[in-house]
Each structure stands twice: as C-alpha cells, then as structure tokens.
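My notebook is open and the viewer is running. I'll jot down each thing as I look it up.

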Amino acid sequence: MKDKLLGLVPPMGWNSWNTFNTAIDEKVVRESADAMVETGLRDAGYEYVVIDDCWSLKKRDEKGRLQADPEKFPSGMKALADYIHGKGLKFGMYSCNGTMTCARYPGSFDHEFTDAQTFADWGVDYLKYDNCFKPEINGYMLYNRMSMALRSTGRDILFSACNWGRDDVEQWIRSTGAHIYRSTGDIRDNWRWIKMIALSQLSKMPYSGSFCFNDLDMLVCGMYKKGNHAGIAGGEEPVCTDTEYATHFAFWCFAGSPLMLGCDIRDMNDATKQLVTNRELIEINQDIEGRSPRFLGINPETPPEFFWGVRMLSDGQIALAAFNFSDKDRTMTLPLFNVGLPSSTGKGLLARECVTRTDAGVFCDDITQKVEAHGCRVFRCKIIDAK
Ligand code: GAL
C-alpha cells in the first residue's frame, strides 16, 4: 500500500496550451512556476505545472529517446523539473498514443516503456496523453499500455488521458488506471463553448469520481481572448464576462473536474485571481470523498439550460448549486422534497453561498433564488433542526 494515493481528488495546476500553444519555452514555464507561488495559487491548492504539446525535437536520439528542443529548453527537462520541485510544485508533460502528437512532434506509440522511463528520469509527476495519429488499434489497449509503462517506472506519475470523450471512453477508461480523462472535446475561450461542455456532462457525471475524474478540459477563466492561437478564441464569439468565467469555474469545481488553469498566470487581473483562488469553491472540488453531483430535473430529450445540482460532501454537509446557462434571468426553486428533505423530516439547511462567500441563512421546504442569465449560486449547507 502507498501512503499517498494519486488521483484521490482532482488535480489542480496550470497547463501551457490555451495561452501559449506552440510558443512554449523554459522562460515561460519558469515564470509561470514563479507566478504560481507569488500569486497565492500554490497556497490555494494548485500544484502541477504542465507543458503541453510542442516541447520536443522532431527526432528521437540515437537510443530512441524523446529529446527536449534545446532552443526552447536550453537547461533541459531535468533542470526544469528540479526548479519546479524546488518551489514545492509538481511537473507535468505531454505525449500522445499515436505516431505523432497533434502538433506533429514524435508520439509515444511503440515507445511507451522508453518514454515513460525518460519522463520518470526527468522527474515528471504528471503525463497528459493525447489521441492523434493513433494507429487502428483500440484506444483501451493504448491507454492501458502507457499506464503500465508509467507504473512500471516506480515513480508516482498522474496519468491524464485525452481522447476528447470519444469511443465511449467512460465505459473503459477507469480500468486502464488513468487518473483523469477528457470527457469532452477541446474548450474554447467563449461562453458558447463553456455552456456546450457543461451541458454535455450532465449525463456523464455518474462516471466521474476518485481515481478517474471526468476532465472537462483546461479552464479559460481570465483569458479574455488573449490566447495566442485562433482556435482557442473560437471565432467571432464575444469575450467572456466575469460572471461567465465565475459560472465556468463554479461548474468545474462542483462537477469535480480537474482544475487546470489555462490563462497566463503571470498576468492575471484581480477578478481572475479572486475567482480561481476561491477556497470555498475549491473545497467542494477537492472534497476527499470525490463524489460526483446529481443534476435534478434533467429530461434527456431536451437538455435544460438551467437546473439545480446536489453533491454530498464528506463532512456531513451537502452542496447545492443553481446554474443558469440560459440567456434570461430566472427564478429557480428547488423543493427540498426533491433532495429528500421534506418538512416532515423537521430539518432545514443552514447555507453559505460560496461564489460570493456570504452567509445565506436557513432554508426550509425549498430554496428559491433569482439567478441572472449565465450566472450561478453554489451553497454549502449544514442540515439543522428547522424551527
Ligand atoms: C489536443 C488536446 C489539447 C492539446 C492539443 C495539443 O488534442 O485536446 O488539449 O493538448 O491537442 O496539440
């Protein structure tokens, strides 16, 4: 038995892809690690600094090993890992189950055990594993193979599978040993995409939990369309408002998704900093029981755009959330009967609203909230005797 279990709660960190795309280098990664500490992100629970695609040379070395591009990473990956570890953080990297990564750098297919060893030798703590240029072999076998390769190194490496929610991945991925898996396509830095991803997950929540969480993709909070590639902004869609970013963050927290920041953390405004370090939302995300929420009143034929969710927490409290993804302000009522607390139980809920971090009083019989378009409320509730 190990003393620390990888994947018990969703990982938190930063990933280079959303903002930097191909323009990733040692300077950006070191500065981002510095920023993780200086801005208080580390203290709020963020720990992984992850380099996504485009870090390697296009050729393996004479022993068949992946090599870091010396122009982008002149000190090499081991030195970078040491730097990151020296800050009390963990180091993540990226590869792919196909012959090439999505950006056409060498993939790990048929090199899994060599690559896993290379990552372990460099001090890597997290591997994101993509799905491009995959041979005609079923995905289960490819993810299983890399999982075994990582485990056989003896190093604790969190395994992040990324097949974009395809091939009924939720049916088989947990058995591969992946700690998280992408249950959706790539996110874009706009409300339309955030909403699409969130709504696509309502029926997938039962699959998510400790040791294999649904990964709703990296957060776009605080990007304001400043990512350096066209894809991430997603065309002509408007820049997200802070309300929209707050709903995005709250939904990812409530749903138990990994919290991987994708903005430039060296340059966050106050609103972003406050939002992504909101301890009350993070505590729900990091709850040690890792239970997924249940969303109520969901009709499979007509996906609702505003709904309540319920999540059981490990300390005897429950989290209740109202999400309004629709374009109109809504008055949303949750009869407590629907969560098993009719007035005949003699119980009510003492609630704290976590987005605004304010006490919300006692609710008996029902909770009614006016929720603005694209807004949300997330309550942490204690069950008390109703007066
Ligand atoms: C995609 C993946 C993105 C990013 C990109 C890199 O397949 O979903 O998150 O890793 O590849 O090329």
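**Entry 1: an asparagine in a loop**

In which loop is Asn-97 found? I looked, and Asn-97 is in the loop between strand 3 (90–96) and helix 5. A reminder to myself before going on: this is a predicted model.

Next I asked myself: is Asn-97 buried or exposed? Asn-97 counts as buried, because its relative accessibility is 0% and the cut-off for buried is under 20%.

Then I listed what surrounds Asn-97. Leaving out neighbours within four places in sequence, I found Asn-97 in contact with Phe-109, Tyr-129, Asp-130, Asn-131, Cys-132, Lys-134, Pro-135, Leu-142 and Tyr-143. With one of these, Asn-131, the side chain of Asn-97 makes a polar contact of 2.9 Å. I also checked Pro-135: 38 residues separate Asn-97 and Pro-135 in sequence, and their C-alpha atoms are 8.5 Å apart in space.

**Entry 2: a threonine**

I moved on to Thr-153, in the loop between helix 6 (139–152) and strand 5 (158–161). Thr-153 is buried, with 18% relative accessible area. Its side chain reaches the backbone nitrogen of Arg-155 at 3.1 Å. If I skip residues up to four places away in sequence, Thr-153 touches Ala-116, Gln-117 and Ala-120.

**Entry 3: salt bridges**

How many salt bridges does the rule count? I got 24, and picked a few to look at.

Asp-115 pairs with Arg-60, with 2.9 Å between the closest N and O atoms. Asp-115 lies in helix 5 (residues 112–122) and Arg-60 in the loop between strand 2 (48–50) and helix 4 (76–86), so this pair ties together parts 55 residues apart in sequence. I checked the accessibility of both partners. Asp-115 is buried at 0%, and Arg-60 is buried too, at 18%.

For another case I took Asp-43 and Arg-42, whose side chains meet in a salt bridge at 4.0 Å, N to O. Here Asp-43 counts as exposed at 51% relative accessibility, while Arg-42 is partly exposed at 32%. I wondered why Asp-43 gets the label "exposed". The answer is the cut-off: exposed means over 50%, so 51% puts Asp-43 in that class.

Then I went to Asp-385 and Lys-347, which form a salt bridge at 2.5 Å, N to O. This pair links distant parts of the chain, with Asp-385 in strand 16 (residues 376–385) and Lys-347 in strand 13 (residues 347–353), 38 residues apart. Lys-347 is partly exposed, with a relative accessible area of 31%. I also noted a network: Lys-27, Glu-31, Asp-264 and Arg-266 are joined by salt bridges that share partners.

Time to zoom out. The domain assignment gives domain 1 (12–285) and domain 2 (294–385). I read off 31 Å between their centres, taken over C-alpha atoms.

How many residues of domain 1 are in contact with domain 2? I found 25 of them, in contact with 26 residues of domain 2. The size of an interface is often given as the accessible area lost when the parts come together. For domain 1 and domain 2 the buried area is about 2200 Å², and carbon and sulfur atoms give 67% of that. On the domain 1 side, Phe-254, Glu-280 and Ile-284 lose the most area to domain 2, together 32% of what that side buries.

Glu-280 came up again when I looked for charges. The rule finds two salt bridges across the interface. Glu-280 also forms a salt bridge with Arg-352, the closest N and O atoms lying 2.7 Å apart. I then counted polar contacts between the domains and got eleven residue pairs.

Which helix gives the most to the side of domain 1 that touches domain 2? Helix 10 does, with eight residues. That side of domain 1 divides into 13 nonpolar, seven polar and five charged residues.

**Entry 4: a histidine to finish**

My last stop was His-374, in the loop between strand 15 (366–371) and strand 16. His-374 is buried, with a relative accessible area of 14%. Not counting residues up to four places away in sequence, I saw that His-374 touches Trp-191, Thr-243, Glu-244, Thr-247, Asn-324, Phe-325, Ser-326 and Asp-327.

Technical notes: Residues numbered from 1 in each chain as written. Predicted model: local features only at pLDDT ≥ 70, side-chain atom pairs only at ≥ 80, totals over all residues. Heavy atoms only, no water. Domains from an automatic or database assignment. Contact = heavy atoms within 4.5 Å. Buried area = accessible area lost by both parts, 1.4 Å probe. Polar contact = N/O pair within 3.5 Å; in protein donor to acceptor, adjacent residues only side chain to side chain. Helix = DSSP H or I, 4+ residues; strand = E, 2+ residues; numbered from the N terminus. Nonpolar A, V, L, I, M, F, W, Y, C, P; charged D, E, K, R; others polar. Buried < 20%, exposed > 50% of the residue type's maximum accessible area, 1.4 Å probe, protein only.
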